[in-house]
Amino acid sequence: GLPERVDVYEVGPRDGLQNELRTLPTRDKARLVEALIAAGEKRIEVTSFVSPKWIPQLADAEELLRLVGRREGVTFSALVPNLRGLSRAKEAGLEEAAVFISASEAHSKKNINKSIAEAVAEARQTTEAALKAGLRVRGYLSTVWGCPYEGEVPVSRVVEISRALVDGGIYQLSLGDTIGVGTPRQTETILSALLEHIPVEKLALHLHDTRGTALANALVGLQMGVTTFDASIGGLGGCPYAPGAAGNLATEDLVYMLHGMGVQTGINLDKLVEAGMVAQELIGRKLAGKFLQAALGE
Ligand code: HMG
Ligand code: MG
(Lines give C-alpha, C1' and ligand atoms only; values in the text may rest on other atoms or scores of the structure.)
(Ligands and ions follow the chains in the order given, each with its own letter.)
Protein backbone atom coordinates (compact mmCIF):
# COMPACT_ATOMS: atom_id res chain seq x y z
CA GLY A 1 0.00 0.00 0.00
CA LEU A 2 0.91 3.66 -0.12
CA PRO A 3 2.45 5.53 2.82
CA GLU A 4 -0.06 7.40 5.01
CA ARG A 5 1.96 10.54 5.03
CA VAL A 6 4.59 12.16 2.84
CA ASP A 7 7.01 15.02 3.46
CA VAL A 8 7.13 17.76 0.88
CA TYR A 9 10.46 19.55 0.66
CA GLU A 10 9.89 22.95 -0.94
CA VAL A 11 12.64 24.21 -3.25
CA GLY A 12 10.89 27.12 -4.98
CA PRO A 13 12.76 29.95 -3.28
CA ARG A 14 16.10 28.29 -4.08
CA ASP A 15 15.80 26.16 -7.22
CA GLY A 16 13.10 28.42 -8.63
CA LEU A 17 14.62 31.79 -8.01
CA GLN A 18 18.21 30.78 -8.86
CA ASN A 19 17.03 30.41 -12.42
CA GLU A 20 15.13 33.67 -12.82
CA LEU A 21 16.95 36.19 -14.99
CA ARG A 22 15.73 39.03 -12.82
CA THR A 23 16.91 38.99 -9.21
CA LEU A 24 14.03 39.48 -6.81
CA PRO A 25 14.42 41.98 -3.98
CA THR A 26 15.08 40.20 -0.68
CA ARG A 27 11.77 41.37 0.83
CA ASP A 28 9.88 39.74 -2.06
CA LYS A 29 11.70 36.45 -1.44
CA ALA A 30 10.74 36.71 2.23
CA ARG A 31 7.11 37.29 1.21
CA LEU A 32 7.18 34.13 -0.88
CA VAL A 33 8.63 32.14 2.03
CA GLU A 34 5.90 33.54 4.32
CA ALA A 35 3.21 32.41 1.87
CA LEU A 36 4.70 28.89 1.80
CA ILE A 37 4.75 28.74 5.59
CA ALA A 38 1.15 29.97 5.69
CA ALA A 39 0.21 27.01 3.48
CA GLY A 40 1.69 24.62 6.05
CA GLU A 41 5.01 23.88 4.42
CA LYS A 42 7.53 22.67 7.01
CA ARG A 43 10.74 22.11 5.06
CA ILE A 44 11.81 24.96 2.84
CA GLU A 45 15.07 25.40 0.95
CA VAL A 46 15.25 29.17 1.00
CA THR A 47 18.55 30.05 -0.68
CA SER A 48 22.16 29.00 -1.42
CA PHE A 49 25.47 29.89 0.18
CA VAL A 50 27.27 29.49 -3.14
CA SER A 51 29.55 31.90 -4.94
CA PRO A 52 27.62 35.09 -5.82
CA LYS A 53 29.64 35.17 -9.05
CA TRP A 54 28.06 31.89 -10.05
CA ILE A 55 24.51 32.55 -8.81
CA PRO A 56 24.00 36.29 -8.37
CA GLN A 57 20.25 35.79 -7.85
CA LEU A 58 20.91 34.31 -4.40
CA ALA A 59 23.71 36.61 -3.27
CA ASP A 60 21.44 37.95 -0.49
CA ALA A 61 21.32 34.66 1.45
CA GLU A 62 22.34 36.21 4.79
CA GLU A 63 19.85 39.04 4.47
CA LEU A 64 17.01 36.70 3.54
CA LEU A 65 17.64 34.48 6.57
CA ARG A 66 17.65 37.57 8.75
CA LEU A 67 14.29 38.63 7.32
CA VAL A 68 12.56 35.26 7.68
CA GLY A 69 14.01 34.56 11.13
CA ARG A 70 13.36 31.29 12.95
CA ARG A 71 9.96 29.65 12.76
CA GLU A 72 8.48 27.14 15.13
CA GLY A 73 8.14 23.78 13.39
CA VAL A 74 9.69 24.96 10.12
CA THR A 75 13.17 23.98 8.98
CA PHE A 76 14.96 26.28 6.56
CA SER A 77 17.79 24.82 4.54
CA ALA A 78 20.16 26.10 1.88
CA LEU A 79 22.71 24.76 -0.57
CA VAL A 80 26.24 24.75 0.82
CA PRO A 81 29.00 23.81 -1.66
CA ASN A 82 32.11 24.11 0.49
CA LEU A 83 33.57 25.18 3.85
CA ARG A 84 33.31 28.81 2.85
CA GLY A 85 29.60 28.36 2.30
CA LEU A 86 29.30 26.48 5.58
CA SER A 87 30.88 29.26 7.57
CA ARG A 88 28.44 31.75 6.01
CA ALA A 89 25.54 29.39 6.75
CA LYS A 90 26.57 28.93 10.39
CA GLU A 91 26.96 32.66 10.84
CA ALA A 92 23.43 33.11 9.49
CA GLY A 93 22.06 30.56 11.98
CA LEU A 94 21.05 27.96 9.39
CA GLU A 95 19.90 24.62 10.87
CA GLU A 96 20.14 22.44 7.79
CA ALA A 97 22.68 22.44 4.96
CA ALA A 98 22.37 20.70 1.61
CA VAL A 99 25.51 19.52 -0.17
CA PHE A 100 25.19 18.81 -3.88
CA ILE A 101 27.11 16.90 -6.49
CA SER A 102 26.58 15.42 -9.94
CA ALA A 103 26.59 11.94 -11.38
CA SER A 104 28.11 13.13 -14.66
CA GLU A 105 31.57 14.64 -15.15
CA ALA A 106 30.51 17.34 -17.60
CA HIS A 107 27.66 18.65 -15.46
CA SER A 108 29.89 18.56 -12.37
CA LYS A 109 32.49 20.72 -14.15
CA LYS A 110 29.92 23.23 -15.37
CA ASN A 111 28.02 23.42 -12.10
CA ILE A 112 30.79 23.49 -9.49
CA ASN A 113 34.01 23.46 -11.50
CA LYS A 114 35.12 20.11 -10.10
CA SER A 115 35.43 16.49 -11.17
CA ILE A 116 33.04 14.02 -9.55
CA ALA A 117 35.85 12.64 -7.37
CA GLU A 118 36.84 16.12 -6.17
CA ALA A 119 33.19 16.97 -5.57
CA VAL A 120 32.54 13.82 -3.52
CA ALA A 121 35.59 14.57 -1.37
CA GLU A 122 34.52 18.17 -0.85
CA ALA A 123 30.89 17.24 -0.10
CA ARG A 124 32.05 14.74 2.52
CA GLN A 125 34.39 17.28 4.07
CA THR A 126 31.61 19.88 4.19
CA THR A 127 29.19 17.31 5.63
CA GLU A 128 31.59 16.33 8.38
CA ALA A 129 32.23 19.94 9.37
CA ALA A 130 28.51 20.77 9.25
CA LEU A 131 27.62 17.81 11.46
CA LYS A 132 30.29 18.87 13.93
CA ALA A 133 28.75 22.32 13.99
CA GLY A 134 25.37 20.78 14.83
CA LEU A 135 23.63 21.20 11.48
CA ARG A 136 21.55 18.54 9.77
CA VAL A 137 22.90 17.72 6.34
CA ARG A 138 20.98 16.69 3.27
CA GLY A 139 22.60 15.71 -0.02
CA TYR A 140 21.70 16.00 -3.67
CA LEU A 141 22.85 13.91 -6.56
CA SER A 142 22.15 15.57 -9.91
CA THR A 143 21.75 14.16 -13.43
CA VAL A 144 20.69 10.74 -12.12
CA TRP A 145 18.23 10.22 -15.02
CA GLY A 146 20.46 11.83 -17.65
CA CYS A 147 22.92 14.64 -18.31
CA PRO A 148 22.41 17.59 -20.69
CA TYR A 149 26.00 17.21 -21.93
CA GLU A 150 26.69 13.47 -21.72
CA GLY A 151 23.28 11.90 -22.15
CA GLU A 152 22.95 8.57 -20.42
CA VAL A 153 24.32 8.16 -16.90
CA PRO A 154 25.07 4.58 -15.78
CA VAL A 155 23.03 3.39 -12.78
CA SER A 156 26.11 1.68 -11.34
CA ARG A 157 27.81 5.08 -11.08
CA VAL A 158 24.74 6.59 -9.43
CA VAL A 159 24.81 3.79 -6.83
CA GLU A 160 28.52 4.22 -6.16
CA ILE A 161 28.33 8.01 -5.66
CA SER A 162 25.13 7.75 -3.61
CA ARG A 163 26.77 5.30 -1.22
CA ALA A 164 29.77 7.60 -0.80
CA LEU A 165 27.49 10.52 0.08
CA VAL A 166 25.30 8.53 2.46
CA ASP A 167 28.39 7.06 4.16
CA GLY A 168 29.54 10.64 4.66
CA GLY A 169 26.67 11.24 7.12
CA ILE A 170 23.87 12.98 5.23
CA TYR A 171 20.45 12.14 6.71
CA GLN A 172 18.81 12.10 3.29
CA LEU A 173 19.86 11.86 -0.34
CA SER A 174 17.70 13.63 -2.89
CA LEU A 175 17.98 12.13 -6.37
CA GLY A 176 17.82 14.79 -9.06
CA ASP A 177 16.27 14.46 -12.49
CA THR A 178 17.98 17.76 -13.25
CA ILE A 179 16.72 18.10 -16.81
CA GLY A 180 13.46 16.18 -16.48
CA VAL A 181 14.18 13.33 -18.88
CA GLY A 182 13.17 10.42 -16.65
CA THR A 183 10.42 7.95 -17.39
CA PRO A 184 8.68 5.63 -14.92
CA ARG A 185 10.38 2.35 -15.75
CA GLN A 186 13.75 4.05 -15.53
CA THR A 187 12.77 5.41 -12.13
CA GLU A 188 11.94 1.90 -11.00
CA THR A 189 15.31 0.63 -12.26
CA ILE A 190 17.25 3.39 -10.51
CA LEU A 191 15.39 3.05 -7.21
CA SER A 192 15.63 -0.76 -7.24
CA ALA A 193 19.40 -0.57 -7.65
CA LEU A 194 19.77 2.00 -4.86
CA LEU A 195 17.45 0.20 -2.45
CA GLU A 196 19.86 -2.74 -2.40
CA HIS A 197 22.27 -0.48 -0.50
CA ILE A 198 20.34 2.44 0.99
CA PRO A 199 17.20 2.34 3.17
CA VAL A 200 14.21 3.95 1.49
CA GLU A 201 13.75 6.46 4.37
CA LYS A 202 17.04 8.02 3.32
CA LEU A 203 15.94 8.72 -0.23
CA ALA A 204 14.03 11.64 -1.70
CA LEU A 205 13.09 12.45 -5.28
CA HIS A 206 13.86 15.83 -6.86
CA LEU A 207 12.10 15.80 -10.20
CA HIS A 208 12.09 18.53 -12.81
CA ASP A 209 9.04 18.50 -15.04
CA THR A 210 10.63 19.47 -18.35
CA ARG A 211 8.88 16.75 -20.32
CA GLY A 212 5.81 16.28 -18.18
CA THR A 213 6.98 13.04 -16.53
CA ALA A 214 7.73 14.29 -13.01
CA LEU A 215 4.42 13.30 -11.44
CA ALA A 216 4.52 9.86 -13.06
CA ASN A 217 8.03 9.33 -11.70
CA ALA A 218 6.94 10.55 -8.27
CA LEU A 219 4.12 8.02 -8.27
CA VAL A 220 6.59 5.21 -8.97
CA GLY A 221 8.70 6.44 -6.06
CA LEU A 222 5.64 6.60 -3.81
CA GLN A 223 4.69 3.03 -4.69
CA MET A 224 8.25 1.93 -3.92
CA GLY A 225 8.11 3.52 -0.47
CA VAL A 226 9.73 6.93 -0.95
CA THR A 227 8.20 9.42 1.50
CA THR A 228 10.01 12.68 0.70
CA PHE A 229 9.44 14.59 -2.52
CA ASP A 230 10.99 17.88 -3.53
CA ALA A 231 8.72 20.33 -5.31
CA SER A 232 8.54 24.00 -6.10
CA ILE A 233 5.62 26.34 -5.85
CA GLY A 234 3.92 26.80 -9.21
CA GLY A 235 6.69 24.76 -10.83
CA LEU A 236 9.24 27.58 -10.55
CA GLY A 237 12.76 26.49 -11.30
CA GLY A 238 15.56 24.94 -13.26
CA CYS A 239 19.32 24.82 -13.05
CA PRO A 240 21.33 27.60 -14.66
CA TYR A 241 24.14 25.17 -15.51
CA ALA A 242 21.84 22.62 -17.13
CA PRO A 243 20.50 24.04 -20.39
CA GLY A 244 16.87 23.20 -20.97
CA ALA A 245 16.15 22.35 -17.34
CA ALA A 246 12.62 23.57 -16.65
CA GLY A 247 10.90 23.98 -13.34
CA ASN A 248 10.58 21.40 -10.62
CA LEU A 249 7.48 19.33 -10.14
CA ALA A 250 4.89 21.88 -8.95
CA THR A 251 4.12 21.61 -5.24
CA GLU A 252 0.36 21.98 -5.83
CA ASP A 253 0.31 19.25 -8.50
CA LEU A 254 2.10 16.86 -6.14
CA VAL A 255 -0.08 17.75 -3.14
CA TYR A 256 -3.27 17.44 -5.19
CA MET A 257 -2.32 13.95 -6.32
CA LEU A 258 -1.24 12.84 -2.85
CA HIS A 259 -4.36 14.13 -1.09
CA GLY A 260 -6.54 12.58 -3.78
CA MET A 261 -4.91 9.22 -3.06
CA GLY A 262 -5.41 9.56 0.69
CA VAL A 263 -1.78 10.43 1.44
CA GLN A 264 -1.44 13.28 3.94
CA THR A 265 1.06 16.12 3.68
CA GLY A 266 -0.04 18.62 6.33
CA ILE A 267 -0.27 21.24 3.58
CA ASN A 268 -3.39 23.30 2.80
CA LEU A 269 -3.97 23.16 -0.96
CA ASP A 270 -6.08 26.37 -1.09
CA LYS A 271 -3.35 28.28 0.72
CA LEU A 272 -0.80 26.73 -1.61
CA VAL A 273 -2.68 28.24 -4.54
CA GLU A 274 -2.46 31.59 -2.76
CA ALA A 275 1.29 31.09 -2.46
CA GLY A 276 1.37 30.29 -6.18
CA MET A 277 -0.42 33.57 -6.87
CA VAL A 278 2.17 35.39 -4.78
CA ALA A 279 4.96 33.70 -6.77
CA GLN A 280 3.36 34.72 -10.08
CA GLU A 281 2.88 38.28 -8.90
CA LEU A 282 6.49 38.57 -7.75
CA ILE A 283 8.07 37.16 -10.88
CA GLY A 284 5.56 38.86 -13.16
CA ARG A 285 4.38 35.98 -15.29
CA LYS A 286 2.25 32.86 -15.29
CA LEU A 287 3.84 29.74 -13.86
CA ALA A 288 3.64 26.30 -15.44
CA GLY A 289 1.92 24.50 -12.54
CA LYS A 290 -1.18 22.77 -13.90
CA PHE A 291 -3.23 22.70 -10.69
CA LEU A 292 -2.45 26.37 -10.10
CA GLN A 293 -3.69 27.39 -13.55
CA ALA A 294 -6.77 25.19 -13.26
CA ALA A 295 -7.59 26.69 -9.84
CA LEU A 296 -7.11 30.25 -11.10
CA GLY A 297 -9.15 29.62 -14.23
CA GLU A 298 -12.20 28.43 -12.31
P1 HMG B 1 35.26 28.18 -8.29
O2 HMG B 1 35.29 29.45 -9.09
O3 HMG B 1 35.78 26.97 -8.94
O4 HMG B 1 36.00 28.23 -6.90
O5 HMG B 1 33.78 27.97 -7.80
P6 HMG B 1 36.82 29.25 -6.09
O7 HMG B 1 37.06 28.57 -4.80
O8 HMG B 1 37.99 29.70 -6.91
O9 HMG B 1 35.86 30.49 -5.82
C10 HMG B 1 35.61 31.53 -6.74
C11 HMG B 1 35.20 32.78 -5.99
O12 HMG B 1 33.99 32.53 -5.26
C13 HMG B 1 36.21 33.20 -4.96
O14 HMG B 1 36.09 34.60 -4.84
C15 HMG B 1 35.71 32.55 -3.69
O16 HMG B 1 36.11 33.22 -2.53
C17 HMG B 1 34.23 32.66 -3.86
P18 HMG B 1 37.22 35.57 -5.43
O19 HMG B 1 38.48 35.16 -4.74
O20 HMG B 1 37.23 35.29 -6.92
O21 HMG B 1 36.72 36.93 -5.07
N22 HMG B 1 33.50 31.60 -3.18
C23 HMG B 1 32.41 31.82 -2.42
N24 HMG B 1 31.76 32.95 -2.10
C25 HMG B 1 30.69 32.82 -1.32
N26 HMG B 1 30.22 31.63 -0.86
C27 HMG B 1 30.85 30.48 -1.17
C28 HMG B 1 32.00 30.56 -1.99
N29 HMG B 1 32.84 29.64 -2.47
C30 HMG B 1 33.75 30.29 -3.20
N31 HMG B 1 30.39 29.32 -0.72
C32 HMG B 1 32.04 27.00 -6.48
C33 HMG B 1 33.39 26.80 -7.10
C34 HMG B 1 31.54 25.66 -5.98
C35 HMG B 1 32.15 28.00 -5.35
C36 HMG B 1 31.08 27.57 -7.59
O37 HMG B 1 31.17 26.77 -8.70
C38 HMG B 1 29.66 27.66 -7.16
O39 HMG B 1 29.29 28.43 -6.28
N40 HMG B 1 28.76 26.87 -7.81
C41 HMG B 1 27.37 26.82 -7.45
C42 HMG B 1 26.55 26.58 -8.66
C43 HMG B 1 25.10 26.42 -8.28
O44 HMG B 1 24.64 26.93 -7.25
N45 HMG B 1 24.33 25.72 -9.14
C46 HMG B 1 22.94 25.54 -8.96
C47 HMG B 1 22.61 24.64 -7.81
S48 HMG B 1 22.72 22.92 -8.21
C49 HMG B 1 21.13 22.52 -8.83
O50 HMG B 1 20.37 23.40 -9.11
C51 HMG B 1 20.75 21.08 -8.92
C52 HMG B 1 19.78 20.64 -7.82
O53 HMG B 1 18.59 21.42 -7.87
C54 HMG B 1 19.43 19.15 -7.98
C55 HMG B 1 18.99 18.79 -9.40
O56 HMG B 1 18.08 19.43 -9.95
O57 HMG B 1 19.59 17.83 -9.93
C58 HMG B 1 20.40 20.82 -6.43
MG1 MG C 1 16.97 21.12 -9.20
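1. Which elements do the buried residues of H2 pack against? This is a predicted model, and in it they pack against strand E1 (7-10), helix H1 (12-16), strand E2 (43-48), helix H3 (61-68) and helix H11 (269-283). The buried residues of H2 are Lys29, Ala30, Leu32, Val33, Ala35 and Leu36.

2. The length of H2 (residues 26-38) is worth a quick check. With 13 residues at 1.5 Å a residue, H2 should span 18 Å, and this agrees with its end C-alpha atoms, which are 18 Å apart. After H2 comes Gly40, with a positive phi near 95 degrees.

3. H11 also has a partner in H10 (residues 251-260): the two helices pack at an angle of about 170 degrees, and their axes are 10 Å apart. Because angles over 145 degrees count as roughly antiparallel, H10 and H11 are therefore roughly antiparallel to each other. On the H10 side, Thr251, Glu252, Val255, Tyr256 and His259 make the contact, and on the H11 side Leu269, Leu272, Val273 and Gly276 do. By class, this contact has five nonpolar, three polar and one charged residues.

4. Now to the ligand. Ligand 1 is surrounded by 27 residues, and the closest are Val50, Gly85, Asn113, Ser142 and Gly176. Counted by class, the shell has 12 polar, 11 nonpolar and four charged residues.

5. Which elements each supply at least two residues of that shell? They are helix H4 (83-91), helix H5 (105-112) and strand E5 (136-142). H4 gives the most, with three residues.

Notes:
Residues are numbered from 1 along each chain as its sequence is written. Chains are lettered from A and ligands numbered from 1 in the order in which they are written. This is a predicted model: local features need pLDDT of at least 70, side-chain atom pairs count only at pLDDT 80 or more; totals for chains, interfaces and linings use all residues. A residue is near a molecule or strand if its C-beta atom, placed from the backbone, lies within 6 Å of it. Helices (H or I, at least four residues) and strands (E, at least two) are DSSP runs, numbered from the N terminus. Ala, Val, Leu, Ile, Met, Phe, Trp, Tyr, Cys and Pro count as nonpolar, Asp, Glu, Lys and Arg as charged, and the others, Gly among them, as polar. The expected span of a helix is 1.5 Å times one less than its number of residues. A residue is buried if 20 or more other C-beta atoms lie within 10 Å of its own, exposed if 12 or fewer, and partly exposed in between; C-beta atoms are placed from the backbone. Two residues are in contact if their C-beta atoms, placed from the backbone, lie within 7 Å. Axes are lines fitted to C-alpha atoms, for helices over the stretch in contact, and angles run from 0 to 180 degrees between N-to-C directions. Angles under 35 degrees count as roughly parallel, over 145 as roughly antiparallel, 65 to 115 as roughly perpendicular and the rest as oblique.
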